[in-house]
Amino acid sequence: MRRVVSVKLVNVTKVFRGGVVGVKDINLVIEHGEFMALLGPSGSGKSTTLYLIAGIYKPTRGRIFFGDKDVTKLPPRERNVGLVFQNWALYPHMKVFDNIAFPLRLRKIPESEIRKRVVSVARMLRIDGLLDRYPWQLSGGQQQRVAMARALAKEPDVLLLDEPMSNLDAVLRISVRAELKRLQRELGITTIYVTHDQAEALAMADRIALINEGSIVQIGTPSEVYGKPRTVFVGGFLGNPPMNFLEATVGYVEDKPILVIGNNKLRVPDHYEELVRKLGLNQVIVGIRPEDMGIMDKPVPYRTIRAQVYAVEPMGRETIVVAEVDGSQVKIVTSKSIVLREDQDIHLYPSFEKIVLFDPKTEKALEVLYEEEKLE
């Protein structure tokens, strides 16, 4: 019988032969029944983290817990995890029924119970009509469901998914991710999902752990990591188009801090005035999402940025405007009805409450920098 468990990693580090560091000092708690996405670029350490949880890799340092049980030294077969790989790893010589039943037969479960489980999970995933076929007779989406059924038939305590939709086409991925999210909610199973696709993570996960260069750089709900990135990396990795970044000098007008971007002068957002003063920074990086900037014909003192249209990209339901600001390019997501020409002068009006300011040296958000300085 499947239990609902939490997963906890404490100071987990994995060093491979030759001194290659896979992950370093990973601290992460996945609550019972939670859908956690491990998101990051290729080579960031997200799959290594998953394989450490699965027991395929053993940590060089640190401990791993399932609930209150220390599983650090347990082999995969004793952890009761369901693992779905990127390539699905189906046996081509076995029919769908036997592919799903294979891990149950290894456990020497009675054949009557095996049939009951296979039929039940196949019906749940809507592949009960395919049990007599071979994998090569199935579409990509059907093969993905078979791999999922095989993992779920084991009644695992934890479901581990390593980029399971990367081999599906874009349209099918959107359909399957909705099904997977609903299935996870119905089962209430603790799920850890590895992906480099931010859309998958944002759409499905309860929380996202962003990993870069072997370390977790931010953990939070999709709205938290998207709206309040703690580093330039997070702001630039999430979003399509990603966050815009502009270098600015901090100045003062009548004792009020302002941001100087080339020939543009912007007021410092209200939520940053005190931080800018306390940190005493002369330079900052201004981060603003493309959808959080409007376009105006005329300037508004201390509220708009002068720009020049570089290109206009119609995207159907919206238009992406590429503009140049003081030698840097920014992107603005705007209405499909907007009419602009290349080289046209425009004025960008950012939503000041959505602006994020970063320290150029550490590339950390000012809130994060201030928190760390207070702790020192």
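Reader: At what angle do H2 and H4 pack, and does that count as parallel or antiparallel?
Author: In this predicted model, the axes of H2 and H4 lie 8 Å apart. The angle at which the two helices pack is about 30°.

Reader: What is the handedness of the crossing of H2 and H4?
Author: The angle between H2 and H4 is about 30°. For this pair, the crossing is right-handed.

Reader: Which residues of H4 meet H2, and how many residues of the contact are nonpolar?
Author: H2 brings Val-96, Asn-99, Ile-100, Pro-103 and Leu-104 to the contact, and H4 brings Val-146, Ala-149, Arg-150 and Ala-153.

Reader: Which residue with a positive phi follows H2?
Author: The phi in question is near 60°. The residue that follows H2 with this positive value is Lys-108.

Reader: What is the strand order of the open sheet, and which strands are at its edges?
Author: The sheet has four strands with antiparallel pairing, in the order E2-E1-E4-E5. An edge strand here pairs on one side only, and that applies to strand E2 (21-30) and strand E5 (69-70).

Reader: How many bridges join E1 to E2, and how many join E1 and E4?
Author: E1 and E2 run antiparallel and are joined by six bridges; Val-12 stands opposite Ile-26 in E2. On E4, Phe-66 is the bridge partner of Val-7. The antiparallel pairing of E1 and E4 has five bridges.

Reader: Which residue in the hairpin of E1 and E2 takes a positive phi?
Author: Five residues lie between the two strands of this hairpin. The positive phi, near 85°, belongs to Gly-18.

Reader: Which residue stands opposite Lys-69 in E5?
Author: E4 covers residues 61-66 and pairs with E5 over two bridges in the antiparallel sense. Opposite Lys-69 stands Phe-66.

Reader: Which strands does H1 lie across, and at what angle to E1 does H1 run?
Author: Helix H1 (residues 46-54) lies across strand E1 (7-15), E2 and E4. Relative to E1, H1 runs at about 115°.

Conventions. Residues are numbered from 1 along each chain as its sequence is written. This is a predicted model: local features need pLDDT of at least 70, side-chain atom pairs count only at pLDDT 80 or more; totals for chains, interfaces and linings use all residues. Side-chain values use heavy atoms; hydrogens and water are left out. Two strands pair if DSSP finds at least two bridges between them. Contact means heavy atoms within 4.5 Å. Axes are lines fitted to C-alpha atoms, for helices over the stretch in contact, and angles run from 0 to 180 degrees between N-to-C directions. A crossing is left-handed if the near helix is turned anticlockwise from the far one by less than a right angle, and right-handed if clockwise.
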